[in-house]
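Biologist: I would like to learn how to read pockets and charged pairs in a model. Could we take them in turn?

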Amino acid sequence: MASYTQSIQNLMNELSLLPGIGLRSAERIAFHLLKQSPADAMKLAEAIRDVKTRIRHCSICFNLTEQDPCAICSNGARDQGLVCVVEQPKDLLALEATGLYNGVYHVLLGRIAPLEESHPHDLTIDALIKRLESGSVREVIMGTNPTVDGDGTALYIQNLIAERFPTIQITRLARGLPAGSSIEYANKNILADAISGSQKM
Ligand SMILES: [Zn+2]
């Protein structure tokens with residue numbers, strides 16, 4: 001039986017490792033790339049290289065950024081004393097899209113989910129505590145998703161903060177969001193309500 005050349009096979013193998021891409025799709029994409037002009041096909045390779053070489057996590061908030069600190073942390077017009085804690089960069093983007101939040105963020109890069117082997121030390125909680133030790137933060141908004149794990153993560157961090165920094169006010173963003181939903185997919189109006197209606201925990 002005839003088979004693909006090694007380089008086509010390699011491309012198909014790599015493509016099939018991407019989420020949602022099966023062998024059939026990998027084959028279709030590989031042949032699409034083969035048909036493209038070298039310049040067009042290389043755009044994809046360059047885009048992948050760029051994101052892996054230029055993008056890093058902000059050393060303050062762990063958002064994805066090309067400059068460190070990120071544009072939000074280094075923006076003097078934003079309220080650096082108000083920190084919204086979110087699970088992932090995409091949650092930050094959803095909140096930013098409302099245009100209503102003028103504080104800064106802290107991205108956990110996950111949530112506490114014991115069943116998925118995701119524990120507090122896997123997140124950026126230590127960095128958050130160090131950040132709070134600097135004394136410049138007066139309020140923390142828990143912006144984790146309104147899911148069992150998201151709520152558990154918020155509670156864990158809330159207790160940690162309340163114990164060590166009794167003067168920092170803690171509020172919960174997701175009270176206005178439907179239980180089990182995700183910030184990433186919430187529409188702008190709901191998020192706007194959640195931001196303006198965040199409640200003391
Ligand atoms: Zn930042």
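**Pocket and salt bridges**

Modeller: The largest pocket is lined by Leu11, Glu14, Leu15, Leu18, Leu33, Leu44 and Ile48. Keep in mind that this is a predicted model.

Biologist: Which elements give two or more residues to the lining of the largest pocket?

Modeller: Those elements are helix H1 (6-16) and H3. H1 supplies the largest share of the lining, three residues.

Biologist: Now the charged pairs. How many salt bridges does a search of the whole structure find?

Modeller: The general idea is that side chains of opposite charge can pair when their charged atoms come close. In this structure the search finds eight salt bridges. One of them joins the side chains of lysine 43 and aspartate 40, at 3.3 Å from N to O.

Biologist: Where do lysine 43 and aspartate 40 lie?

Modeller: Both are in helix H3 (residues 38-54), three residues apart, which is about one turn of the helix. Lysine 43 is exposed, because its relative accessible area of 54% is over 50%. Aspartate 40, at 36% relative accessibility, counts as partly exposed.

Biologist: Which residue forms a salt bridge with glutamate 96?

Modeller: Arginine 78 does, and the closest N and O atoms of the two are 2.8 Å apart. This pair links distant parts of the chain: glutamate 96 is in helix H4 (residues 89-98), while arginine 78 is in the loop between strand S2 (64-65) and strand S3 (79-86), 18 residues apart.

Biologist: Is arginine 78 buried or exposed?

Modeller: Arginine 78 counts as buried, because its relative accessibility of 12% is under 20%. Glutamate 96 is partly exposed, with a relative accessible area of 26%.

Biologist: What about arginine 172 and aspartate 151: how far apart are the closest N and O atoms of their salt bridge?

Modeller: Those atoms are 2.5 Å apart. Arginine 172 lies in strand S6 (residues 169-172) and aspartate 151 in helix H6 (residues 148-164), so the pair ties together parts that are 21 residues apart in sequence. Arginine 172 is buried, with a relative accessible area of 3%, whereas aspartate 151 is partly exposed at 38%.

Biologist: Which residues are linked in a network of salt bridges?

Modeller: Arg111, Glu116 and Asp149 are linked in such a network.

Key:
Residues are numbered from 1 along each chain as its sequence is written. This is a predicted model: local features need pLDDT of at least 70, side-chain atom pairs count only at pLDDT 80 or more; totals for chains, interfaces and linings use all residues. Side-chain values use heavy atoms; hydrogens and water are left out. A salt bridge is a side-chain nitrogen of Lys or Arg within 4 Å of a carboxyl oxygen of Asp or Glu. Helices (H or I, at least four residues) and strands (E, at least two) are DSSP runs, numbered from the N terminus. Buried means under 20% relative accessible area, exposed over 50%, partly exposed in between (1.4 Å probe, protein chains only). On a 1 Å grid over the protein atoms alone, a cavity is a set of points where a 1.4 Å probe fits but cannot get out, and a pocket is an open set with protein on both sides within 12 Å along at least five of seven lines; lining residues have an atom within 4 Å of a point.
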